[in-house]
Amino acid sequence: MDQLQKARQEMDRASIIEATQQTVSAGVENGPYVVERGALSRVGAYLQLDRRVLILTDDGVPPVYAETVAEACSYPVILTYPQGEDTKSFEVLADVAAVMLEHGFTRTDCVVAVGGGVIGDLAGFAAAIFMRGIDFYNIPTTLLAQVDSSIGGKTAINHEGIKNCVGAFYQPKKVVIDPNVLSTLPPRQISNGMAEAIKMALTCDRELFEKIEAGNPMDMLDEIILSSLRIKKSVVDRDATEKSLRRVLNFGHTLGHGIESQASLRDGDRALYHGECVSLGMLCMCAPEVRDRLIPVLRKAGLPTETDVDIDASLSAVSHDKKMDGSRINYVYCPEVGSFEFRSASLEEFAEVVKESGAY
Ligand code: MG
């Protein structure tokens, strides 16, 4: 890496850390983001709902959440789709548009997502393209969506078996994060979101990582949500369209996606969640001293630190990953807690880093 590149990385790192130290307190609005226990029941105070409102949710979300939003609207329409990735499709998108036309939605009406990442992605993309863009509100109901997918304006559907290949960057008008809704979430789903929070702490916020290290992550959900939001927001504000800095959020994801492509072929409970694959991916991408500290933190958060997923098959999936830049793989490495480096390697060199880490 040349000197200039190194200096730029150093500046980026310093500016993220500075931004993450600015406080966002609970209940206080930070740009379009509101984090507040009980916010769902006061949603009318945060969103402009005196118009036609399409509320998108799925059958894995307690229906009372969408109904609570509907009660605050003058003209609500609730659409409930099956839980899972298959809902992010052209068929469903066409259905959403048809329902909006049927109910006379115009450019001044809006879409509200009430659900996890799948519903947020679908609803955001529907809002982005209906009448060339109408207001989009997001009420994420999973920890993963609250700390990660609801922030940054990525929206998409899947097509021809390729994840997120049709989509847009489209910023929500408001994101209402109510940690109370997490009380109905299964523990494994909490862990799934925790993986992304740990990822952000490990690369960008040493203080947060040390707090998680010293305490119980399950007892500090509010703080973890606020800190993750602050970190992710400061990264995407600097690089909205993932040209450079935003790549830090891919820490653990390069190999993680490779593992995910293998693990998703498994049935039922043996399939791994995204956050679980990211956890496994992070373990090989950090210095040995960092890994020694990461392992107990992942365990505490209910995340895996070893796997029987075939690592060679995962590596060959990595070579097909979209992050391949010509013949090289770009990845993020964590040399010490609260820090990161962008690295580039051939597939062979990357495989060596993974294997030398001794994580598998
Ligand atoms: Mg992720």
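This is a predicted model: local features need pLDDT of at least 70, side-chain atom pairs count only at pLDDT 80 or more; totals for chains, interfaces and linings use all residues.
Colleague: Which residues of α10 are the buried ones?

Modeller: They are H253, T254, L255, G256, G258, I259, E260 and A263.

Colleague: And what do those buried residues pack against?

Modeller: They pack against helices α7, α11, α13 (311–318) and α14, and against strand β11 (328–333).

Colleague: OK, what are the angle and the distance for α7 and α11?

Modeller: Helix α7 covers residues 187–204 and helix α11 covers residues 274–283. They pack at an angle of about 40°, and their axes are 7 Å apart. That angle makes α7 oblique to α11.

Colleague: Is the crossing left-handed or right-handed?

Modeller: The crossing of α7 and α11 is left-handed.

Colleague: Which residues meet there?

Modeller: From α7, R188, N192, A195, E196, I198 and K199 take part. On the α11 side they meet H274, G275, E276, V278, S279 and M282.

Colleague: How many of those are nonpolar, polar or charged?

Modeller: Four of each: the contact of α7 with α11 has four nonpolar, four polar and four charged residues.

Colleague: Switching to V354. Where is that?

Modeller: V354 is in helix α14, which runs over residues 347–356.

Colleague: Buried or exposed?

Modeller: V354 counts as buried, because its relative accessibility is 2% and the cut-off for buried is under 20%.

Colleague: What does V354 touch, leaving out residues up to four places away in sequence?

Modeller: L255, C284, M285, I311 and L315. L255 is also one of the buried residues of α10.

Colleague: And how are V354 and V337 placed?

Modeller: They are 17 residues apart along the chain, and their C-alpha atoms are separated by 19 Å.

Colleague: Last one, D239. Where does that sit?

Modeller: D239 is in the loop between α9 (221–238) and α10 (253–263).

Colleague: Why does D239 count as buried?

Modeller: Because its relative accessibility is 6%, and buried means under 20%.

Colleague: What does the side chain of D239 reach?

Modeller: It reaches the backbone nitrogen of S244, at 2.8 Å. Not counting residues up to four places away in sequence, D239 touches S244, L245 and R246.

Note on methods
Residues are numbered from 1 along each chain as its sequence is written. Side-chain values use heavy atoms; hydrogens and water are left out. Axes are lines fitted to C-alpha atoms, for helices over the stretch in contact, and angles run from 0 to 180 degrees between N-to-C directions. Helices (H or I, at least four residues) and strands (E, at least two) are DSSP runs, numbered from the N terminus. Angles under 35 degrees count as roughly parallel, over 145 as roughly antiparallel, 65 to 115 as roughly perpendicular and the rest as oblique. A crossing is left-handed if the near helix is turned anticlockwise from the far one by less than a right angle, and right-handed if clockwise. Contact means heavy atoms within 4.5 Å. Ala, Val, Leu, Ile, Met, Phe, Trp, Tyr, Cys and Pro count as nonpolar, Asp, Glu, Lys and Arg as charged, and the others, Gly among them, as polar. Buried means under 20% relative accessible area, exposed over 50%, partly exposed in between (1.4 Å probe, protein chains only). A polar contact is a pair of N or O atoms within 3.5 Å; within protein, one must be able to donate a hydrogen and the other to accept it, and residues adjacent in sequence count only if both atoms are side-chain atoms.
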